[in-house]
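The following note sets out points on the fold, the cores and the helix packing. Please read it alongside the sequence and the coordinates.

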Amino acid sequence: METASRCASIDHLIIIGNGMASHRLIEALVRHPQRPTCITVIGEEPVPAYNRILLSPLLAGELATDSLTFRDPAWYAEQSITLLLGEKVVMIDRDNCRITTESDRCLDFDRLVIATGSRPAIPNVPGIELAGVHSFRDLQDATALEAIAQRGGNAVVIGGGLLGLEAAEGLRKRSEQSLSQEPYQKPYQEPFQRLSVSVLQRSARLMNRQLDETAAQLLENTLSKRGLHIETNASLAALEDNGHGHVKTVMLNDGRRLPADSVIVAAGITPNVELGQQAGLRCERAIVVDAHLTTSDPHIAALGECCQFEQHTYGLVEPIWRQVDVLAAVLCGETPDGYQEAPTATKLKVSGVALFAFGPTEAGPEHDVLRYRDPESGDYRRLLLRDGQLEGAVLYGDTRHGPWYFEQALASADLTACRQALLFGPADAEVLQTEHADNANSPASSSSSSPSSSHPPTSEAA
């Protein structure tokens, strides 16, 4: 598929990749009065850019496919952007500033942006190439998983992070929908079978990079009650064949075997760096860029999950959006301040459960630990303070105060005076801060009375 544009032979920007980072860049460019004269976007998928974050509710049957699309093809044409879909770039000729696609299409560029994203990290275990093994990364994957949910049987999801849990919960929900429609089936149709979904997490707890032990256990309990089977400390050893080239069993390192008609791999991502390597660009874990997102070739930039700045690679949107701001300004002839790493808070909704986290996951001996838990509502908060300053937080359920906590951490605010009210958010805490403005640097007494609440906080020094 191709849209037409007013492309000239000069000032031609080519963007390889049509994912979320690429589209964010395009939206920024078209708003700028000094945008490149000619923009060509090449996407390997056959559809325009869409919101991958919404693949989980799509799988669960909560959204229609059209609702994921950012812009339809007509919009690109209106913006004088050439959109090439279903095309894969296979070569970058740096000497001649030219790219070649799989269909032998050749295009010359003045500036090039590589925004090829990433792909699922596939474990190197026997049987991983069997039929019935899937990933959960794009619309095609979501369609395949929907069919799995409707067939029923046993599905095993590899990975207990955000993507794995979303895939597992999406499968469960879609299977329940199929079962609810069973009375309306025609007599000659085979009845739907319930899908049994298991999640394998290699570490001792779910989402170990974001959650502490308590929050992870709360999440596991919630998902287990819904019908998911959670296996922690579960390392994949091999996938076994049914004798016809299809997966039949998942074997773990401890010798256990789990029945599996389908396996969904959602255990991290690998940057797509092959084009950069082919072009001779400097690559380490990803394509190395400087603070202006420029690669080792001054005519070529890289953006998003396929790039590496200093020692950092990316999988969250917030730092990538900041990269887009810098790169858009550069491509429009400005000299912006360079991209810099910054602390990032993780705000997620995992299977309907709200989470907010930043800073260290584990408490160290230097931390003062504050904890609050409301068994009735299921809310949980854990704050880590060092010398009166907030360094980390985990919020489960009620996350509305998360941004305020993050602001206090970024400001290195001394919260000693309001320590006793800190777990209840800004309202009570800021009152105490105001009342104790004259002695804000003196430590609050550990015997201070608790703020008014039906669930007083528990705190402990770690």
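1. A residue counts as buried when its relative accessible area is under 20%. The model under review is predicted. By this cut-off, Leu-293 is buried, since its relative accessible area is 1%. Leu-293 is not a glycine, yet its phi is positive, at about 65 degrees. The residue belongs to the loop that runs between strand S18 (287–289) and S19.

2. A second residue with a positive phi deserves a remark. Asn-233, again a residue other than glycine, has phi near 50 degrees. Asn-233 is placed in the loop linking strand S12 (229–231) to strand S13 (236–241).

3. On overall composition, the protein chain contains ten helices and 26 strands. Of its 462 residues, 50% count as buried. When contacts between residues at least 6 apart in sequence are considered, 65% of them join residues at least 24 apart.

4. Five strands make up an open sheet, with parallel pairing, in the order S3-S2-S1-S7-S19. Its edges are strand S3 (81–85) and strand S19 (300–302); each has a single partner strand, so one side of each lacks a neighbour in the sheet. From one strand to the next, the twist averages 15 degrees.

5. Within this sheet, strand S1 (residues 12–16) pairs with strand S2 (residues 38–43) in the parallel sense, over five bridges. Ile-14 has Thr-40 in S2 as its bridge partner. Two helices pack on the sheet. Helix H1 (residues 20–30) touches S1, S2, S3 and strand S7 (111–114), and its direction makes about 155 degrees with that of S1. H8, for its part, touches S1, S7 and S19, and its direction makes about 165 degrees with that of S7.

6. How much of S2 is buried? Six of its six residues are buried, and the strand is thus described as mostly covered. Both of its faces are covered: one side carries Cys-38, Thr-40 and Ile-42, the other Ile-39, Val-41 and Gly-43, and all are buried.

7. H1 is likewise mostly covered, with ten of its eleven residues buried. Among the buried residues are Met-20, Ser-22, His-23, Leu-25, Glu-27 and Val-30. The elements that cover the buried residues of H1 include S1, S2, helix H3 (73–78), S3, S7 and H8.

8. The packing of H1 against H8 can be stated in detail. The two helices pack at an angle of about 40 degrees, and their axes are 9 Å apart. H1 is therefore oblique to H8. Their crossing is right-handed. On the H1 side, Met-20, Ala-21, Arg-24, Leu-25, Ala-28 and Leu-29 take part; they meet Val-317, Ile-320, Trp-321, Val-324, Leu-327, Ala-328 and Leu-331 in H8.

9. Which residues have the most contacts inside the largest nonpolar core? They are Leu-25, Ile-92, Ile-99 and Val-113, in a core of 57 residues. Helix H8 (residues 317–331) supplies eight residues, the largest share of this core. Leaving aside residues up to four places away in sequence, Leu-25 touches Ile-15, Val-113, Leu-303, Val-324, Leu-327, Ala-328 and Leu-331.

10. The axes of helix H5 (residues 162–180) and helix H6 (residues 213–226) come within 11 Å and cross at roughly 20 degrees. Angles under 35 degrees count as roughly parallel, and H5 and H6 are therefore roughly parallel to each other. The crossing in which H5 passes H6 is left-handed. Leu-165, Glu-169 and Arg-172 of H5 make the contact with Leu-219, Leu-223 and Arg-226 of H6.

How values were computed: Residues are numbered from 1 along each chain as its sequence is written. This is a predicted model: local features need pLDDT of at least 70, side-chain atom pairs count only at pLDDT 80 or more; totals for chains, interfaces and linings use all residues. Side-chain values use heavy atoms; hydrogens and water are left out. A nonpolar core is a set of buried Ala, Val, Leu, Ile, Met, Phe, Trp, Tyr and Cys residues joined through side-chain atoms within 4.5 Å. Buried means under 20% relative accessible area, exposed over 50%, partly exposed in between (1.4 Å probe, protein chains only). Helices (H or I, at least four residues) and strands (E, at least two) are DSSP runs, numbered from the N terminus. Contact means heavy atoms within 4.5 Å. Two strands pair if DSSP finds at least two bridges between them. Axes are lines fitted to C-alpha atoms, for helices over the stretch in contact, and angles run from 0 to 180 degrees between N-to-C directions. Angles under 35 degrees count as roughly parallel, over 145 as roughly antiparallel, 65 to 115 as roughly perpendicular and the rest as oblique. A crossing is left-handed if the near helix is turned anticlockwise from the far one by less than a right angle, and right-handed if clockwise.
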